[in-house]
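Grab a pencil and have the model open. Here are a few exercises, each with a worked solution.

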Amino acid sequence: MKVIKTILKYLLGAFLVMQLFFVTYDEPKNTDPALEIKAPPEIMAVFKRSCYDCHSNNTVLPWYSHIAPISWTMSRHIDLGRKWLNFSVWESYTSEQKDTKLTEIYKAVYHAMPLRSYVYAHPEADLTQNERDMIREWTGKSPF
Ligand code: HEC
């Protein structure tokens with residue numbers, strides 16, 4: 001028992017120390033709404049439900065987003081996600097950039113996106129096969 005208590009004490013200590021390394025989230029304000037991606041409502045609904053938390057400036061942060069070590073991973077995913085693809089500023093991309101990103105979306109919705117760890121916490125974000133196909137078709141890309 002004593003051993004377990006000691007271990008628990010150290011774990012709690014480690015957890016508390018982790019909280020000192022808090023992160024701040026970049027929360028971009030006043031993005032020009034004209035820059036947001038334009039797509040049919042059924043496509044927009046999927047993007048908003050499954051992608052916007054990491055790929056837009058409209059991130060909804062859950063209560064645990066400030067608790068380390070979750071906060072470390074979460075802030076990195078949001079930063080990286082926005083760098084790769086930000087639906088809120090889509091219209092500021094050049095046509096080449098858009099074209100590349102459409103190809104990436106075509107590939108990513110097959111399996112990689114939304115991130116598994118995200119779906120675990122947001123089961124409603126998972127895409128059905130129908131939705132994956134619908135988005136692929138909308139990109140106008142093909143596997144070749
Ligand atoms: C939990 C955060 C998160 C969610 C939700 C998410 N992504 Fe991502 N996405 C990322 C991160 C982080 C990257 C950067 C590359 C990586 O780490 O794999 C990325 C990269 C991408 C890329 C470019 C790189 C690649 O792998 O081809 C595309 C395209 C993409 N995501 C599309 C989507 C789409 C479409 C959705 C919704 C169906 C989505 N993502 C949902 C976090 C997320």
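**Exercise 1: the nonpolar patch**

Ile 4, at 47% relative accessibility, counts as partly exposed (buried is under 20% relative accessible area, exposed over 50%, partly exposed in between; 1.4 Å probe, protein chains only). A word on ground rules: this is a predicted model, where local features need pLDDT of at least 70, side-chain atom pairs count only at pLDDT 80 or more, and totals for chains, interfaces and linings use all residues. Residues are numbered from 1 along each chain as its sequence is written, and side-chain values use heavy atoms, with hydrogens and water left out.

Task: find which residues make the nonpolar surface patch.

Solution. Step one: Ile 4 lies in helix 1, and Ile 7 lies in helix 1 (residues 2–18) too. Step two: Ile 7 is partly exposed, at 48%. Step three: Met 1, Val 3, Ile 4, Ile 7, Leu 8 and Leu 11 make the patch, about 660 Å².

**Exercise 2: the iron site**

Task: work out which protein atoms are donors to the iron atom of the ligand, and what geometry its site has.

Solution. Step one: look for donors (N, O and S atoms within 2.8 Å of the metal, or 3.2 Å for Na, K and Ca). His 55 (NE2) and Met 113 (SD) turn up, 2.0 to 2.3 Å from the iron. Step two: the six donor atoms show angles of 84 to 178 degrees, so the site is octahedral (six donors, opposite ones over 155 degrees apart and all others between 65 and 115). Step three: His 55 sits in helix 3 (52–55) and Met 113 in the loop between helix 5 (95–108) and helix 6 (116–121), so the pair ties together parts 58 residues apart in sequence. Step four: His 55 is buried at 12%, while Met 113 is partly exposed at 29%.

Terms used:
Four donors count as tetrahedral if all angles lie between 85 and 135 degrees; four count as square planar and six as octahedral if opposite donors are over 155 degrees apart and all others between 65 and 115; anything else is irregular. Helices (H or I, at least four residues) and strands (E, at least two) are DSSP runs, numbered from the N terminus. Patches are made of residues with over 30% relative accessible area and no salt bridge: like charges are joined within 9 Å, nonpolar side chains (Val, Leu, Ile, Met, Phe, Trp, Tyr) within 5 Å. Accessible areas come from the Shrake-Rupley method with a 1.4 Å probe; for residues, only the protein chains shown count as cover. A salt bridge is a side-chain nitrogen of Lys or Arg within 4 Å of a carboxyl oxygen of Asp or Glu.
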